[in-house]
Amino acid sequence: MKFYRSHILVGISEASLLAGAEEFIKELRKELAKYDLQEEINVLETGPLGFFGKGICLTVYPENITYQDVKIEDIPELVEEHFLKGRPVKRLMLDTTSKYKPRLNYENRIVLRNSGVIDPENIEEYIGVGGYEAWEKAFTQMKPEEIVKEVKESGLRGRGGAGFPTGVKWSFTAPLQVPQKYVVVNADEGEPGTFKDRLIMEGDPHQLLEGVMICARAVGATKAYIYIRGEYKLCIERLRKAIAQAYEYGLLGKNIFDSGFDLDIDIKIGAGAYVCGEETALIESLEGNRGNPRWKPPFPGVEGLWKAPTVVNNVETLANVPFIIKNGAEAFKAHGTPQSTGTKVYTILGDVTYPGLCEVDMGTPLRTIINEYAGGMKKGFRFKAALVGGAAGVLLPERLLDVNMDFANLNEYAAVLGSGAILVLNEHQSIVDLLWSILRFFRHESCGKCSACRNGCQQLYELITKIKKGEGTMEDVDLMLTIADTMFATSFCALGQSPVMPVRSAIENFGDEFQEITKR
Amino acid sequence: MAKTVNIWLDGKHLEVPDTMTIIEVADQNEVYIPRLCYHPDLPPTANCGVCVVEIVGNPTPKRACCTPVSEGMKLITNSKKLRAYRKTLVEMILSNHDVSCPTCVANNKCELQTLANNLGVDSDALPNILEKKPVDESSLSIVRDINKCIACGRCINVCNETQTVYALTFADRGINTHIDTAFSLGMANSPCVNCGQCTVYCPTGALHERSELDAVWEAILDPDKHVIVQEAPSIRVSLGEEFGMPLGSVTPKKMYAALRRIGFDSVMDTNFTADLTIMEEGTECVTKLKAGEKRPLITSCSPGWIKFMETYYPDLADCVSTAKSPMSMFGVLAKTYYAQENNIDPAKIVSVAIMPCTAKKFEARRPELRDSGYQDTDYVLTTREFIRMIKEAGIDFANLPEEEPDKGMSFYSGAGTIFGATGGVMEAAIRSAYYLVTGKDLENVEIQGVRGLEGVKEASVEIPGFGNVNVAVAHGLSNARKVLDRVREGLATKGESPWHFIEIMACPGGCVGGGGQPYGNDIASRARRGLALYEEDRSLPVRQSHRNPEVLKVYEKFLGQPNSPLALKLLHTYYFKRSVTNGQVVGQVTHKHQ
């Protein structure tokens, strides 16, 4: 093995690629070669680095210095100053001048622990950091029922939004004696402002595969599909590579390591419908049908894909599984609260100093996440509201920021964890405008199957448009609540039940804005 | 395995099997849960949400149409909340609906109208947000007015599941969700077979027949035209329902009287040509049987079935009887035999057919059905259109004195009248085939094995001198597929069909359940109408087609023998192959008899 003086980790994600990361790496290598440093300094492509600023971000080891928003023009200075002369370029280093310093929470990471550390396109790097050890344990030392039991004990709950206990879900499917069962990974991440699954898949695709393998082993599925959002080009590419490598290493295929167990994993690319994040609509879409939800019961765990028992799990959920199997339920329960164990990956965006993603223990107060992990409000702005849980989430004002981010406490605040998206608004943003944009989204994404959602989303959109124009009345505001409540009670699936959350929380927590705009 | 569970329906304790849904239990116990998209004949689409009920302990109400009952369930079917939800739901549906009730064909029959009225909905509660879209008038049979559609999905259900025609599907999403044909090419350019079951199950006026009422009135009111009218067998047992008479009233003679009052010049009867069809088709069948033909003979009366065959089973076209349908036989005879007998210029004859059927409108305009030298049948009215005509003429149908039809093409046997029920053509054919082979009449003319509403019926009839004749009867096109797939399989593997003779009717229940029948055309009423036809059969003096004196007369005076060259020219036809994507003709698969 070759030894290098320094390693430069370049975070490759959709965002950094858009900022020109590929060209940047080429130029960086060229510049290093100019000074004949190519044998001393290693340039590595890794997954997204996590909770950092815009553009191309680099981490340099062993110095553990992080640069953000580096441009191609900065390369000569960077190489000459840092890598030749050993003087880090202060002006490009992560901003630490804000009121709160960002907490780089590597110590608490489960799902993102390898992201930004290893090369996601190389299975050996994953194995090198202990990857597939959980798989080995699950395949050689544990019976399927023991895996289910371990996951049940860990208290892991679904990270897709509904928070259903994962082990319980598996326990519905595992005992069924049928010739075919499936595991489906819900990677159709479509909640506005959410991109955690993308970063998990970009940063550490093998961890997801390992989770899928363990789940398939536990429930007795021999075929798994990853239903992935079509826009996630890099994820798709990396997952394809990872799957190919797993086959090459004998981790997938027929009679895996003579265990008598078969498993194939395939990728299915979604066509861009929000509703296909709903598990039964996703299954319909997988079958080649229009992505409309199905009635439950029967639940997919009993009758899902092609009528076979099917476990549908979110990416983040499955990415937690290798840790649980490898380290045991207790290690997992050391994170979070008794009812909401483990960590949670959030994507924070809006008017904070460091928009991006962070992984923190369940139960961390929202205020801490915003002020400490996201570095607080952007300079010169005051906090007004946070939309927690995506478009289907809840708008919280300053006075409710002390909510702890776990299932139970959020419930007390009539809020939801949802997808883990946190959108922070400053005092100049209009709640009515935000609600308008949320309702426009729902109107566009309603699948149209049931009349409550189909007509309700449109009516809500028309009403908020009228209010936004200053032509609405408080009667219109009340009508919105009536419609949203009726949708919640009578919609066929969770999509139609969603608008009530932002509508009700906006009107209840920011009623004065509606009073004001309707008075005009 | 069904388990019995204890539930409490509005406080009333019930023990019911867990395979039932809440709405089924409620209906059985006479608890009415408001509903819109649910129909007992079809699998629930669960789209409207009106049937929500509260389950004690559940945070949100659940749909009664698709939620199975479970142990200990405590159900509340009406509450302040539920009333409010249902009202708001219906207000939302109305806000995206073309509310032109007074002029709508479904006025007073519309399930949305009735529900809105029953719930006391405020039609102005929400602004109407409907964006008007063009009406699909491309089809010769069916008009699709998307502006009145509430996207309940029943039509898709009946088209895809009951009929397996796959002409309709959901398209687009959100508020733009609508029901459409493939590539939005319109019904005329779809595999639609015109059966009209979608019009039967549509809860609103979004799907209805293409009306030819005005054209018929024009002809009647034109003194230069001689308007002759025929009525299909099943009409006489469904008309009464609309005029306050009990379901299954047999009213042929009131029907003749009404037609005469409306102003038709000659009132005849399709049942006459039903008997004639048996002579032609029965002879064809006997010829095949005697020749030891391995391929079956399949009936050809149902135009929905014929287009379905041309689209999905053109390889079996040579098995389908070449005999035209009774309607088309009547049409061609009206402008030849009838014109000749009565000395009328056929150019002045307007031939009108009153049918339980929307597909007959398509059949009448088939370019090959012009053997009289004119379009054999000029206009086809559905039962529903005829009812509108009676109402427009202000006729008190229920109290109308009975009248006889005109003579020449109106006498019919019991065999002719049972054509309107599934199995009827088969039964009528067996009655005459037996005679044609043995020269003797069947002792008991009632063949119970082919009666009733089972999807596929099989029977075996012993005909002395020939042996056992195996027959099958299918109604509803999904059932037809079951039979046809077995025929295909039998021909491919053993070189012979499992049955000698097969009856296929496109609509469940046969013509009594036709796509043109009065609203409220559910399976239960189809069964009742069918029984009425068998009642009429029993009451008639002649019960076998080959005993119909007017049929014998038309052979004697005009056609010669069954399957004579003239009969083959006028009463037989040929078939095409059609594209499964757009229903258009892509080739001819059988030929006209030379």
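Me: Which residues of H15(B) are called buried, and what makes them so?
Reply: In this predicted model, the buried residues of H15(B) are B:Leu477, B:Asn479, B:Ala480, B:Val483, B:Leu484 and B:Val487. A residue is called buried if 20 or more other C-beta atoms lie within 10 Å of its own, exposed if 12 or fewer do, and partly exposed in between, with C-beta atoms placed from the backbone. Helices (H or I, at least four residues) and strands (E, at least two) are DSSP runs, numbered from the N terminus.

Me: How do you know that the buried residues line one face of H15(B)?
Reply: Seen down the axis of H15(B), these residues fall within an arc of 150°, so they line one face of the helix; the arc is that of the directions from the helix axis to the C-beta atoms. The face turned away from the buried side carries the exposed residues B:Asp485, B:Glu489, B:Ala492 and B:Thr493. Helix H9 (303-312), strand S15 (456-463), strand S16 (467-475) and strand S17 (501-505) of chain B are among what covers the buried residues of H15(B), where two residues are in contact if their C-beta atoms, placed from the backbone, lie within 7 Å.

Me: What span does H15(B) reach, and what is expected?
Reply: Helix H15 (residues 477-493) of chain B has 17 residues and reaches 24 Å from its first C-alpha to its last, close to the 24 Å expected at 1.5 Å a residue; the expected span is 1.5 Å times one less than the number of residues. Just after H15(B), B:Gly495 takes a positive phi of about 75°.

Me: Why is strand S8 of chain A called largely enclosed?
Reply: Five of the five residues of S8(A) (residues 310-314) are buried, so the strand is largely enclosed by the rest of the structure. A:Thr310, A:Val312 and A:Asn314 point one way, and A:Val311 and A:Asn313 the other way. Strand S5 (residues 182-187) of chain A runs parallel to S8(A) and is joined to it by five bridges, with A:Tyr182 standing opposite A:Thr310; two strands pair if DSSP finds at least two bridges between them.

Me: Why do S2 and S4 of chain A count as edge strands?
Reply: The open sheet of four strands has the order S2-S1-S3-S4 (chain A), with mixed pairing. Strand S2 (41-46) and strand S4 (65-67) each have a single partner strand, so one side of each is left without a neighbour in the sheet. The twist averages 20° from one strand to the next; axes are lines fitted to C-alpha atoms, for helices over the stretch in contact, and angles run from 0 to 180 degrees between N-to-C directions.

Me: What makes S1 and S3 of chain A a pair?
Reply: Strand S1 (residues 6-11) and strand S3 (residues 58-61) of chain A share four bridges in the antiparallel sense, and A:Val10 stands opposite A:Leu58 in S3(A). Helix H2 (residues 21-34) of chain A packs on this sheet, touching S1 and S2, and its direction makes about 170° with that of S2(A).

Me: Is A:Glu22 buried or exposed, and how do you know?
Reply: A:Glu22, which has its place in helix H2 of chain A, has 12 C-beta neighbours inside 10 Å and therefore counts as exposed.

Me: What makes B:Ser211 partly exposed?
Reply: B:Ser211 has 16 other C-beta atoms within 10 Å and is therefore partly exposed; B:Ser211 lies in the loop between strand S9 (207-209) and helix H6 (213-220) of chain B.

Me: Why does B:Ala46 count as buried, and what is its phi?
Reply: B:Ala46 counts as buried because it has 22 C-beta neighbours inside 10 Å. Its phi is positive, about 60°, although B:Ala46 is not a glycine.

Key: Residues are numbered from 1 along each chain as its sequence is written. Chains are lettered from A and ligands numbered from 1 in the order in which they are written. This is a predicted model: local features need pLDDT of at least 70, side-chain atom pairs count only at pLDDT 80 or more; totals for chains, interfaces and linings use all residues.
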